[in-house]
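Open the model in your viewer and keep the sequence panel in view.

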Amino acid sequence: MVRYSKLPFRELVRKYNTDIVYTPMILADVFKNSEFARTTDYSTNDLDDPVVVQFAANNGADLADAAELVSSYAGGIDINCGCPQKWAYQERIGAYLMQDPENVRDMIRTVKGRVNIPCSIKIRVHDDLKTTYEFVKRAESVGVDFLTCHGRTRLQKSTEPVNFEGIKLVKESINVPVIANGSIFSLKDAEEMYEKTGVDGVMSARGLLQNPALFAGYEATPWECIEDYVRLAVGYGTNTFIFQHHLMFMFEDVMSNAERKTFNTLSSIPAIIDHLTDYWGLDLSNVI
């Protein structure tokens, strides 16, 4: 998740049965060259374990340099080959890499030669699943430790059905753990994914943003989860944009359009907390 899966949110979802967490997608070249980026893009602590640091890169040198900087403070390195956004494609990162399997193979090899923690990749399926098969076999040949597969192509909308057969093919083609991703909004969705694909694990992104307690069996975000997030975000320090947007995701199904418009105009964390106190009964003693 670009921007959103920072330390407060990672600690939050761990409380609700999420086993492995990922950082937001971090640009490897910027991270290795900028002290400001290293300070703002990744922070962790002893509770944040295991955590996978996900990098976007288009060459092995930048990726390995960035991986070395975090390797003592992370449980794994992930190469993002799935981000479908146009800017990422233009930079030849993210889903662009799905058409450059040799480069991905070389990046995996380079990282594994420089750090002693697992290296994984996050991919999408191709229109032609034979191409997906060849892609993952190349990754396996250089020792990728596990793989996450999103069951849509780069050009498919998130409203389109997930390709269960594509994910199943990936799982059956390689001998490393495979995690499935795509339209996981409930435990029922996760169970369906397991049943139809036989994967080793299930990842959620949009679903967890809307309901961080998803994997604990909650069908909607419980109030205690919102209180937990406010406490963690204030305690660790979070900018207003991220704080506000996380809460907007959590309130998405229960906040009226009129209130959402008002909520969007709040320009500081104290103003947001005041709103939650006045309109939702937030107990400050539980969060500060």
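Select H246 first: this histidine is buried, at 1% relative accessible area. The model is a predicted one. H246 sits in helix α12, which runs over residues 240-250. Now show what surrounds the side chain. With neighbours within four places in sequence set aside, H246 is in contact with Y4, F9, L209 and Y229.

Move along to L247. Leaving out residues within four places in sequence, L247 is in contact with I226, Y229, V230, F263, I272 and L276. L247 is also one of the residues with the most contacts inside the largest nonpolar core. To see the others, select F55, I79, I108, I121, I123 and F243. The core as a whole has 79 residues. Helix α11, residues 223-236, gives the most to this core, with 6 residues. As background, nonpolar side chains in soluble globular proteins tend to be buried together.

Stay on α11 and select V234, which is placed in that helix. Is V234 buried or partly exposed? V234 has a relative accessible area of 36%, so it counts as partly exposed.

Next, go to H275 in helix α14, residues 269-280. H275 is buried, at 6% relative accessibility. Not counting residues up to four places away in sequence, H275 touches E259, T262, F263, L266 and W280. F263 was also on the contact list of L247.

Now select A139, in helix α7. A139 counts as buried, with 2% relative accessibility. Which residues does A139 contact, leaving aside neighbours within four places in sequence? They are I108, I121 and V144. Draw a distance from A139 to I108: their C-alpha atoms are separated by 7.3 Å, although the two residues are 31 apart along the chain. I108 and I121 are among the residues with the most contacts inside the largest nonpolar core.

Keep α7 displayed and pick K137 and E140. Their side chains meet in a salt bridge, at 3.1 Å from N to O. Why do these two fall about one helical turn apart? They are 3 residues apart in α7, residues 129-141, so about one turn separates them. An α-helix has 3.6 residues a turn, so residues three or four places apart point the same way. K137 is partly exposed, at 30% relative accessibility.

A search of the whole structure finds 16 salt bridges. For another, select D62 and K32, whose closest N and O atoms are 2.8 Å apart. This pair links distant parts of the chain: D62 is in helix α4 (residues 60-70) and K32 in helix α2 (residues 28-33), 30 residues apart. D62 is buried, at 15% relative accessibility, while K32 is partly exposed, with a relative accessible area of 25%.

For a salt bridge between sequence positions 105 and 106, select R105 and D106, where the N to O distance is 3.7 Å. Both ends are partly exposed: R105 has 24% relative accessibility, and D106 has a relative accessible area of 31%.

The last stop is helix α9, residues 187-197. Select A190, M193 and T197, which are buried. Look down the axis of α9: the buried residues fall within an arc of 60°, so they line one face of the helix. What lies over that buried side? The cover includes α8 (164-173), β7 (178-181) and β8 (201-203). Turn the view to the face directed away from the buried side, where the exposed residues K188 and E195 are found. Finish just after α9 with G198, which takes a positive phi of about 70°.

Terms used: Residues numbered from 1 in each chain as written. Predicted model: local features only at pLDDT ≥ 70, side-chain atom pairs only at ≥ 80, totals over all residues. Heavy atoms only, no water. Buried < 20%, exposed > 50% of the residue type's maximum accessible area, 1.4 Å probe, protein only. Helix = DSSP H or I, 4+ residues; strand = E, 2+ residues; numbered from the N terminus. Arc of directions from axis to C-beta. Contact = heavy atoms within 4.5 Å. Salt bridge = Lys/Arg side-chain N within 4 Å of Asp/Glu carboxyl O. Core = buried A, V, L, I, M, F, W, Y, C linked by side-chain atoms within 4.5 Å.
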